Amino acid sequence: MTTKRPRILVLVSSTRPNALGPAVGRWLTDTLAPDAERLGVELVLQAIGDLELPFLDEEEHPSSGVYHQEHTRRWSRIVDGADGFVVVTPEYNHAMPATLKNALDYLGPEWAWKPVGFVSYGHTSAGTRAVQHAKQVVTALRLVPVGATVALRIGDVVRGDELVPQPRHADAARGLLAELVRVARALVPMREREHPAAVEGPLPGSYARRLGPDDAAEVTVLQRCCWLEEALVNDTLAIPALHESPADVRAWLADWDVTGLWRDGRLLGMVRTRRTGTDLHVGRLAVAPDLRGLGVGRWLLSHAESAAEKGGRIVLSTGAASHRNLALYRRQGYVPLPGPQEEGVVDLAKPVAV
């Protein structure tokens, strides 16, 4: 699972002049800053009023993800880049503000499988009825409400013109953030699997996506598991994949096109490609040892080959004693390259039909 620093959007709902919401949002982010650093997350304060969203004015249904208005595309990018949300909301007539409902209604897929927590404020009910109303809407968008909340009764937290929450409110806020972060990390596989860029994999529940530098830890573990067997078969430890540090892996993940196959937060396999002229170089084809024989390697290889240019060729290499790999590549049409080769290594290629 990626080690990317989760981004939590603190969404201030009220747009009424002189509303209490902005002060609550600032108090919340200031209070939680040390916890956010400890938990390794980024808190981003966002006021709905700054988005300049009119009442929903898109022609297409939000579930389509097709947006014609620039304000919608900007809002889509903000929400898509977030891993979870804290909604700061007042209560208007036993409900959430229309501005919050409108902002939610604008988008569809961007919300799915992300946790949301609530910080409410109001008079008698401390805004809790607005939270119950909002939960009905967010669950329809496949957002996942967490149980922890913060409820501020205005009479208890406002002194003159100042917002002065009590220590118990700060404790509740810290508990909300901790729960939100745990759920956000647990939901990563759900979000990735349904992302438009994800591809359905060959095993039930699996999906493929592009790997990047933030995936270095998982890639390091996978390739050490896989190439240890290669080292034993070929009677050599002179295999780069066995000695690369996470920093080394992070570096080449930034340079190669790498596809990873995932299921339930586990990296099952990977393959990388890079083009040199009309040659497509394929490497680091790896499948978790317990999943071999299920067609995962063939699927990854076929996926990598789809990037080849017509009229060019695909080039790869493997250990001279790696008979399982050699059998796979020969079945897929690869033949050894002529000429001298590195000792203990077989270089293979196959042409790409025009």
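**Entry 1: the β8 end of the sheet**

I started at Val199 and looked for its partner across the strand pair. Val199 stands opposite Ala208, a residue of β9. This is a predicted model, so I read every value here as computed from the prediction. β8 and β9 (residues 207-210) run antiparallel to each other, joined over 2 bridges.

Next I checked what packs on the sheet here. I found helix α11, residues 296-305. Helix α11 touches β8, β9, β10 (257-263), β11 (266-276), β12 (279-287), β13 (313-319) and β15 (345-351). The direction of α11 makes about 155° with that of β12.

I then looked up helix α12, residues 323-331, which also packs on the sheet. Its contacts are β12, β13, β14 and β15. The direction of α12 makes about 160° with that of β13.

**Entry 2: the whole sheet**

In what order do the strands of this sheet lie? I traced β8-β9-β10-β11-β12-β13-β15-β14. That is an open sheet of 8 strands with mixed pairing. β8 (199-200) and β14 (335-336) stand at the edges. Each has a single partner strand, so one side of each is left without a neighbour in the sheet.

I moved to the β14 end. β13 and β15 pair antiparallel over 7 bridges. Within β15, Val346 stands opposite Thr318. β14 and β15 are also antiparallel, over 2 bridges. There I noted Pro336 opposite Leu348 of β15.

**Entry 3: the largest pocket**

Which residues lie nearest the centre of the largest pocket? I listed Trp227, Glu230, Ser317, Thr318 and Asn325. The pocket holds about 1,300 Å³ of space, and 48 residues line it.

I checked which elements supply at least two lining residues each. They are α8 (216-234), α9 (240-243), β12, α11, β13, α12 and β15. Both helices from my first entry, α11 and α12, are on that list. By class I read 23 nonpolar, 14 polar and 11 charged residues in the lining.

**Entry 4: the second largest pocket**

I put its volume down as about 830 Å³. The lining has 34 residues. Nearest the centre are Asp80, Asp83, Arg191, Glu192 and His195. α6 (167-186) and α7 (188-193) each supply at least two lining residues. Which helix gives the most to this lining? I found α7, with 4 residues. The classes here are 14 nonpolar, 7 polar and 13 charged.

**Entry 5: the cavity**

I wrote down the lining: Phe85, Val87, Leu100, Leu104, Trp111, Val116, Phe118, Val138 and Leu143. β3 (84-90), α3 (98-105) and β4 (115-122) each give two or more of these residues. The lining has 9 nonpolar residues, with no polar and no charged ones.

**Entry 6: the chain overall**

Last, I stepped back to the whole chain. I noted 12 helices and 15 strands. Is the chain spread out or compact? The radius of gyration is 26 Å, well over the 20 Å that the globule rule gives for 354 residues, so the chain is more spread out than a compact globule. Along its principal axes the C-alpha trace spans about 85 × 45 × 30 Å.

How values were computed
Residues numbered from 1 in each chain as written. Predicted model: local features only at pLDDT ≥ 70, side-chain atom pairs only at ≥ 80, totals over all residues. Heavy atoms only, no water. Pairing = 2+ DSSP bridges. Contact = heavy atoms within 4.5 Å. Axes fitted to C-alpha atoms, helices over the stretch in contact; angles between N-to-C directions. 1 Å grid on protein atoms, 1.4 Å probe; cavity = no way out; pocket = protein on both sides within 12 Å on 5 of 7 lines; lining within 4 Å. Points joined across faces, edges and corners; volume = space filled by probe spheres on them. Nonpolar A, V, L, I, M, F, W, Y, C, P; charged D, E, K, R; others polar. Rg over C-alpha atoms; globule rule 2.2 N^0.38 Å.
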